[in-house]
Amino acid sequence: MALSPTSGFHHATPGRGDAFCTFSGQVIAALKLYREKGVSGAFLDLDAHFGNSIEHSRAFAPDLSLAVPVGANINPAGEGQGYLDDLQKKLEMLKEQILAKRIHYVVFCHGADSHENDPYGGQLSTEQWLEASRMVYGWVKEIDTARGAPLPLSLSLFGGYQHMDFVLPLHASDLAICLETLCGVQTGFQPEERIPQGIEPNWYGKGQWSTE
Ligand SMILES: [Zn+2]
């Protein structure tokens, strides 16, 4: 398991950066792994926004469809429980691909902007956002057991545009669930006590980016 405390790189295309993504890091990393190690990966993209880098790079790099097979760039649709239900369905499909040895590693990106208090996103309540973490890490644990070996797992942060006093406790909560579920580490971290409640989505200046 590895953690890259970096942003997403999931909107850039071969020709240019886009949104806050300077280059398509997902595509570059996946191609490098495929070309050097012969392995294929899946991206669990739980950012609020569709990660288009992979789909928009397939024509540019034909072997990307071997590095990240079609269907292995997972972006849940909907809001609230519908979002979680769609995630569950897609995890089950991906599990079959992993156990069939067609996918060899997973990158999980739990964007903080899929929380309803983010000014640029907002599909999930705090409890639903944490439930998504529990679903993913519980799913990894099931796969580890079925394979008899840990699934290579990489974590990244992706979007999050609320104040850092809100974004960082979300990511810390996700990591605590990861450590408790997969490593048996009791962190003692209490997400409900650490994630601020009742923050307005526009608390950090919705749509008012300023250089002042
Ligand atoms: Zn986003």
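1. E2 and E4 run parallel and pair over 5 bridges. Strands count as paired if DSSP finds at least two bridges between them. Helices (H or I, at least four residues) and strands (E, at least two) are DSSP runs, numbered from the N terminus. In this pairing, Leu-44 stands opposite Phe-108 in E4. E2 also pairs with strand E3 (residues 73-74), again in the parallel sense, over 2 bridges. Here Phe-43 stands opposite Asn-73 in E3.

2. **What you are looking at.** This is a predicted model: local features need pLDDT of at least 70, side-chain atom pairs count only at pLDDT 80 or more, and totals for chains, interfaces and linings use all residues. Residues are numbered from 1 along each chain as its sequence is written.

3. **The overall plan.** The protein has 7 helices and 5 strands. Along the sequence they follow the pattern β-α-β-α-α-β-α-β-α-β-α-α. The radius of gyration is 17 Å, close to the 17 Å that the globule rule gives for 212 residues, so the protein is as compact as a globular protein of that length. That radius is taken over C-alpha atoms, and the rule is 2.2 Å times the number of residues to the power 0.38. The C-alpha trace spans about 45 × 45 × 30 Å along its principal axes.

4. Buried residues make up 39% of the 212 residues. A residue is buried if 20 or more other C-beta atoms lie within 10 Å of its own, exposed if 12 or fewer, and partly exposed in between; the C-beta atoms are placed from the backbone. Two residues are in contact if their C-beta atoms, placed in that way, lie within 7 Å. Among contacts with a separation of 6 or more, 71% join residues 24 or more positions apart.

5. **Strand E2.** Is E2 enclosed or open? In E2, 5 of the 5 residues are buried, so the strand is largely enclosed by the rest of the structure. Gly-41, Phe-43 and Asp-45 point one way, while Ala-42 and Leu-44 point the other way. In a regular strand the side chains alternate between the two faces of the sheet.

6. **The nonpolar core.** The largest nonpolar core has 44 residues. Such a core is a set of buried Ala, Val, Leu, Ile, Met, Phe, Trp, Tyr and Cys residues joined through C-beta atoms within 7 Å. Ala-42, Phe-43, Leu-44 and Phe-108 have the most contacts inside the core. Several elements each supply at least two of its residues, including H1, E2, helix H4 (80-99) and helix H6 (164-182). Helix H5 gives the most, with 8 residues. Leaving out residues up to four places away in sequence, Ala-42 touches Ala-72, Ile-74, Leu-94, Ile-103 and Val-106.

7. **Helix H1.** H1 covers residues 25-37 and reaches 17 Å between its end C-alpha atoms, close to the expected 18 Å. The expected span is 1.5 Å times one less than the number of residues. Its buried residues are Gln-26, Val-27, Ala-30 and Tyr-34. They cover an arc of only 90° around the axis, which puts them on the same side of H1. The arc is that of the directions from the helix axis to the C-beta atoms. These residues pack against strand E2 (41-45), helix H2 (52-55) and helix H3 (64-67). On the other side, Lys-32, Arg-35, Glu-36 and Lys-37 are exposed.

8. **Helix H4.** The 20 residues of H4 should span 28 Å, and its end C-alpha atoms are 29 Å apart, which agrees. Tyr-83, Leu-87, Leu-91, Leu-94 and Ile-98 are its buried residues. An α-helix has 3.6 residues a turn, so residues three or four places apart point the same way. The buried residues of H4 pack against E2, E3 and H5. On the other side, the exposed residues include Lys-89, Glu-92 and Glu-96.

9. **Positive phi angles.** Most residues other than glycine have a negative phi. Ala-19 has a positive phi of about 50° although it is not a glycine. Ala-19 is in the loop between strand E1 (2-4) and H1. It has 13 C-beta neighbours inside 10 Å, so it counts as partly exposed. Lys-101, in the loop between H4 and E4, has a positive phi near 65°. With 9 C-beta neighbours inside 10 Å, Lys-101 counts as exposed.
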